[in-house]
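Student: I have a model open and would like to learn how to read two of its features. Can we take them one by one?

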Amino acid sequence: MAGTGIYEAGNERDVWRREILTLTGFGGEALLLGGAVPARAQIKKEVRVMAYTAKDYLKLLGMEGLSETLLKNHFTLYQGYVTNTNKVLDALEQMLKEGKSGTPEFAEMKRRQGWEFNGMRLHEYYFENLGGKTGIDKDGRLAKKLIEDFGSYDAWEKDFKATGTMRGIGWVVLYQDITNGKLINFWINEHDVSHPAGCNPLLIMDVFEHAFMLDYGLKRADYIGAFFKNIDWKVVEARLK
Ligand SMILES: [Fe+2]
C-alpha cells in the first residue's frame with residue numbers, strides 16, 4: 001500500500017489551485033508525496049477545496065432604502081473576507097508545517113485570523129437577517145423575551161439604535177447569553193473586539209461606513225431606519241435558543 005501525502009507542483013505554492021495527484025489502481029486510492037510516479041498509476045488532478053465559500057445574497061437586491069449599487073459593493077467586500085479567511089488559514093497551516101510557528105509573522109497572521117473570520121461570518125449573519133417584509137411577531141418568543149429583559153420592545157429598540165449611532169466603525173449585535181438566556185445589545189469594535197464569549201448572536205447590524213455612506217452620507221440614523229424596515233424577524237427569532 002502506498003504512503004499518503006500531498007505533492008505540490010512547482011516551487012511557488014498556489015494555495016487556491018494546489019493540485020493533488022491521486023493514484024488509483026492499487027487496490028484503493030492513495031495520495032503521493034513527491035517521488036516517482038509509478039508508470040501504471042492512473043493520475044488525475046483535483047483542485048483543493050477551500051475551507052469557506054462565499055454565499056450568494058443577490059436575492060436581497062430591491063430592498064427598500066438600500067440601493068443596488070450599495071448592496072453589490074457590500075457583497076464584493078464580503079467576498080473579500082471569505083477569500084482572506086481562506087488565505088489566512090492556509091498560510092498559518094503552511095507556517096506550522098514549515099516550523100515557523102514561533103515567528104512574528106505567525107503571531108501577526110494569527111491575530112489577523114479573528115478579524116478576517118469575523119468579517120466573513122458577521123456579514124453572513126447580517127445579510128441573512130435582512131430581506132424581511134413584516135415586523136416582529138408581537139406574540140412570538142423573541143418579542144416576549146425582549147420585553148422580559150428590556151421592559152418593552154421600544155426600550156430594546158432604543159438601546160439597539162443608540163448603540164448603532166455611536167461613533168466608530170463596527171457592528172451592533174443583539175446577543176443571547178445562553179448561560180441564563182438574557183438578551184444584551186453589544187457594540188463590536190471593527191469585527192473582532194468585545195464579542196461576549198459563548199453567547200448566541202440573534203440580530204446583527206453592520207455600521208461600518210461602507211454599509212450606508214453611498215446612500216445616506218453621514219446620516220447613519222437614516223440607514224438604521226432602513227435597516228429596521230428590512231429585518232427578517234423570522235430568521236432572528238429562529239436563532240433564539
Ligand atoms: Fe460590511
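Student: How do the axes of helix H4 and helix H6 cross?

Tutor: Two packed helices are described by the angle between their axes and the distance between the axes. Here the axes of H4 (residues 153-164) and H6 (residues 220-229) come within 10 Å and cross at roughly 135°. Axes are lines fitted to C-alpha atoms over the stretch in contact, with angles from 0 to 180 degrees between N-to-C directions. Helices are DSSP runs (H or I, at least four residues), and strands are E runs of at least two, numbered from the N terminus.

Student: Which residues of H4 and H6 make the contact?

Tutor: Contact means heavy atoms within 4.5 Å. On H4, they include Trp156 and Phe160, and on H6, Ile224 and Phe227.

Tutor: A caution on the source: this is a predicted model, where local features need pLDDT of at least 70 and side-chain atom pairs pLDDT 80 or more, while totals for chains, interfaces and linings use all residues. Residues are numbered from 1 along each chain as its sequence is written, and side-chain values use heavy atoms, without hydrogens and water.

Student: What are the protein donors of the iron ion?

Tutor: Donors are N, O and S atoms within 2.8 Å of the metal (3.2 Å for Na, K and Ca). For the iron ion they are His74 (NE2), His123 (NE2), Asp206 (OD) and His210 (NE2), 1.9 to 2.1 Å away. His123 lies in helix H2 (residues 104-128) and Asp206 in strand S6 (residues 199-206), so the pair ties together parts 83 residues apart in sequence.

Student: Are His123 and Asp206 buried or exposed?

Tutor: His123 is buried, at 0% relative accessible area, and Asp206 is buried, also at 0% (buried is under 20%, exposed over 50%, partly exposed in between; 1.4 Å probe, protein chains only).
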